[in-house]
Amino acid sequence: MLLFESDKKQSKQKRYSEFQAIVLCGETCIYRLYPLTEDNNVPKALLPVANKPMLHYVLDWLERAGITDVIIISESSGEHKIGHYIKNDYEGKLKPSLEIVKEDVGTADALRTIKDKIRNDFIVISCDLILDLPPHRFLDYHRTQEPAFTALFYEPNKSDGGGGSGNNCKDDDLKQFVGVDMNRSRLVYVASGADLDEEFSLRMSLLWKFPRVNILTTLQDSHLYIFKKWVIDLIVQRKSISSVREHLVPLLVKCQYQKKLLEREGIDNLAKSQVNYQKTALEYSTTWDEEDEDSPVRCQVYIYNTGFCGRGNTVAKYCDLNRYMMKISTETRVSPSAEVNTKTQVGSDSFVGDDTKIDERTSIKRSTIGSHCIIGKNVKISNSVLMDNIIIEDYVKLDGCVVCNGSKIMEKSVLKDCEVGGGYVVVSETQTKNEQLVEFRDLS
Amino acid sequence: MEKKSAKEMKEMTKAERRAVQERQRAEKAARAAGGTTTKKGSQGSATSVVVGSTADSGFAHQEFSFTPEIAKGANTSLDIHPAVLVIGLQIAEFKICGANARCIATLTAFKKVIQDYKTPEGTTLSRHLPTHLSPQIKYLVNSRPMSVGMGNAIRHLKLEISTMDIDLADDDAKRLLCEKIDNFIRDRITFADRVIVDYGLQKIQDDDVILTYARSSVVQALLLEARAKGIRFKVIVVDSRPRLEGKRLLKRLVDAGISCTYAFLHAVGFALKDVSKVFLGAHAFMSNGALYSRVGTAMVAMMAKEKNIPVIVCCETYKFTERVQLDSFVMNEQGNPDEMVNISTTSTPKIGLLDGWLHKPDLKLLNLLYDLTPSKYITTVITEIGMIPCTSVPVILREYKQA
């Protein structure tokens with residue numbers, strides 16, 4: 001026995017937080033996901049992908065990146081549900097804090113409201129992003145070059161098609177023109193297809209600085225950025241910057257070659273305020289070029305085309321995400337508390353949630369079914385996403401549909417490529433294609 | 001066998017690339033074993049195998065198996081300070097290259113680590129801080145083997161920590177340590193460089209033609225200072241692939257108004273025709289007076305000696321080491337062999353004949369970073385304590401130890 005017990009607990013060194021993460025759960029452009037994000041369903045961040053909310057995948061990625069300081073920004077409409085999820089259902093190790101902003105506020109405006117909480121370089125990530133890029137690669141990329149910001153652009157995978165009525169959006173307005181200097185991985189030009197008519201112009205100063213530019217239309221912005229700390233000061237100063245993607249990024253990209261813009265907006269002072277403490281070392285380095293010091297603003301781009309990356313901001317893309325997760329997920333497919341009749345066929349790539357009852361002679365292919373659902377006999381569900389608390393009666397056929405919480409589909413209905421809103425009752429023997437079935441709400 | 005594009009290879013970390021190469025080497029070895037090989041014999045005694053030999057399939061693997069691997073994404077469990085993490089990445093990617101730059105960068109990063117450090121209960125700073133720094137140092141060594149100067153600097157730092165007064169408060173001790181680090185950088189690198197430049201200026205006269213190899217921070221400072229003093233001289237910059245560091249030196253000198261010539265290493269015999277002096281930089285100096293510097297330096301020094309041109313090395317004393325090395329192979333660092341495939345001299349890559357070397361069974365690429373220049377080729381060494389013959393290096397080391 002020891003004479004005196006030494007205190008075994010050695011106080012650990014505090015974890016050095018190098019980056020902070022900000023998850024944006026805003027609902028801008030909700031018409032793209034209509035009717036999945038109506039009030040009687042769930043906010044976008046909690047839409048289930050393979051029976052886990054989309055927010056889970058983002059938080060999981062951040063956890064793997066080793067980031068401990070996470071702030072989730074949500075609109076007031078989603079406050080309760082997202083708060084409830086974080087407190088109760090979230091299973092990871094992070095302890096995110098939740099901030100609320102007003103409705104219909106731009107992404108940069110949302111960042112402005114929490115400016116006091118941002119103390120380091122920060123990562124801005126949208127809640128609907130799922131990617132299998134190992135996080136350290138992207139972070140290491142930023143760490144080596146130390147630019148003003150690093151953006152992740154990806155090549156979208158070919159969609160398998162199907163899922164949702166396709167009524168919501170035309171993909172054309174999401175097309176982007178991205179100009180990249182491939183050798184130095186610099187982002188030099190960014191414009192969205194909607195803003196340009198038939199031609200676009202490049203400034204000569206851009207070409208003087210970056211003689212070889214590749215303009216790509218195959219890239220999509222993943223809305224995953226790592227910004228240096230002084231960028232938040234810029235957002236605070238310039239109240240006209242309302243959206244990260246539409247205002248802030250193009251502004252910083254232009255500052256790389258437009259000296260006058262740099263000075264006019266006062267950005268050069270801001271950028272120089274965050275001095276690189278390794279300045280001396282870099283000056284001694286044999287690989288250091290003087291032109292590296294030319295502009296204080298550098299915008300790096302990381303092009304990811306070797307794996308999967310997807311955003312769930314339209315119904316079609318949301319279904320793609322589900323299909324992807326169905327293919328690769330290693331979670332248990334059929335929940336142990338679900339009651340699946342022996343005569344039913346549940347495909348090997350389908351998910352069945354807790355407490356769901358599936359009756360005999362039903363076949364479920366390439367679909368995810370949420371919890372507490374009741375599915376009747378002889379039902380054929382393929383390529384669909386069903387959320388929680390759904391009742392499906394006998395002899396129903398669903399193909400490529402998205403069915404929201406609490407809805408009911410009565411017997412012998414055949415729905416193809418439809419979206420059923422929350423709480424809606426599809427009367428028996430309905431046969432529809434490419435429709436959005438939503439409960440009528442008296443808006444007066 | 002899948003062909004990997006050059007861009008894909010670059011995106012993998014060094015560890016993965018190494019794994020891919022090892023796997024493909026193993027496949028090749030398996031195939032070679034099936035066929036008839038007569039070269040199974042020489043299982044490489046370290047010095048006998050020479051670069052030019054028709055490749056023994058195990059050559060590069062056995063002799064130069066000290067390939068660096070970057071710790072992958074393991075930051076969450078190892079608790080590496082972000083400053084050290086960034087440095088490790090930048091050094092491994094050759095963004096910070098050169099003995100002085102790496103040393104200053106490491107010491108600055110460690111300053112940040114010390115500033116953020118908090119002594120845990122029940123132990124003292126002088127006992128716990130070295131154990132706290134060890135994983136950081138190991139991480140740096142993993143990303144790229146340390147330079148000799150860095151090793152000396154860290155040894156000096158550890159000595160300072162261990163002789164720290166126990167009674168000092170945490171904050172005072174940390175402040176004192178940071179001061180000591182600053183002093184080391186100032187005295188042994190920054191001011192040392194200025195003194196070396198002063199001594200070196202005595203050696204540059206009007207109408208000199210000076211030859212220099214690759215890019216040394218001290219030699220660059222010396223040439224720029226000589227120009228500022230108004231001395232009329234010309235410079236020949238000799239450069240080599242794949243680093244092409246001389247190009248950046250050339251730009252700097254030309255911007256300062258010095259008239260320069262640029263040549264590659266293969267032309268050094270011709271370039272030495274009218275040269276009056278050769279100035280070289282150093283990575284380290286061995287106790288037997290041998291110079292350990294960028295690969296190609298030995299060739300330049302040897303050729304200059306043949307033509308009786310004085311070879312002057314500018315080296316700070318913190319780069320002196322007690323090691324003795326007789327040739328370039330016994331201890332060296334291997335770079336990424338894929339760098340040799342790109343034969344472009346501009347920023348746009350241009351793939352040469354060596355593309356696909358992984359698939360050619362008899363071809364191996366060796367990208368050495370350093371070489372050894374024997375002392376007989378060096379005329380004099382300029383250090384901050386004066387101009388000494390290179391055989392006096394152990395004397396200097398002894399003096400510093402006694403001090």
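A polar contact is a pair of N or O atoms within 3.5 Å; within protein, one must be able to donate a hydrogen and the other to accept it, and residues adjacent in sequence count only if both atoms are side-chain atoms. The model is predicted, so local features need pLDDT of at least 70 and side-chain atom pairs count only at pLDDT 80 or more, while totals for chains, interfaces and linings use all residues. Residues are numbered from 1 along each chain as its sequence is written, chains are lettered from A and ligands numbered from 1 in the order in which they are written, and side-chain values use heavy atoms, with hydrogens and water left out.

**Exercise 1.** Determine where Asp121(A) lies and whether Asp121(A) is buried or exposed.

*Solution.* Step 1: Asp121(A) belongs to strand E6 of chain A, residues 121–126; strands (E, at least two residues) and helices (H or I, at least four) are DSSP runs, numbered from the N terminus. Step 2: Asp121(A) counts as buried because its relative accessibility is 13%; buried means under 20% relative accessible area, exposed over 50%, and partly exposed in between (1.4 Å probe, protein chains only). Step 3: the side chain of Asp121(A) comes to 3.1 Å from the backbone nitrogen of Lys229(A). Step 4: leaving aside residues up to four places away in sequence, Asp121(A) touches several residues, including His142(A), Phe227(A) and Gln274(A); contact means heavy atoms within 4.5 Å.

**Exercise 2.** Explain why helix H1 of chain A is described as largely enclosed.

*Solution.* Step 1: helix H1(A) covers residues 54–64, and eight of its 11 residues are buried, so the rest of the structure largely encloses the helix. Step 2: among the buried residues are Met54(A), Tyr57(A), Trp61(A) and Leu62(A). Step 3: just after H1(A), Gly66(A) adopts a positive phi of about 85°.

**Exercise 3.** Describe chain A as a whole.

*Solution.* Step 1: chain A has 11 helices and 32 strands. Step 2: of its 444 residues, 55% are buried. Step 3: the domain assignment, automatic or from a database, gives domain 1 (16–324) and domain 2 (333–437). Step 4: the centres of these two domains of chain A, taken over C-alpha atoms, are 35 Å apart.

**Exercise 4.** Which helix gives the most to the lining of the largest cavity?

*Solution.* Helix H6(B) gives the most, with four residues; lining residues have an atom within 4 Å of a point of the cavity, a set of points on a 1 Å grid over the protein atoms alone where a 1.4 Å probe fits but cannot get out.
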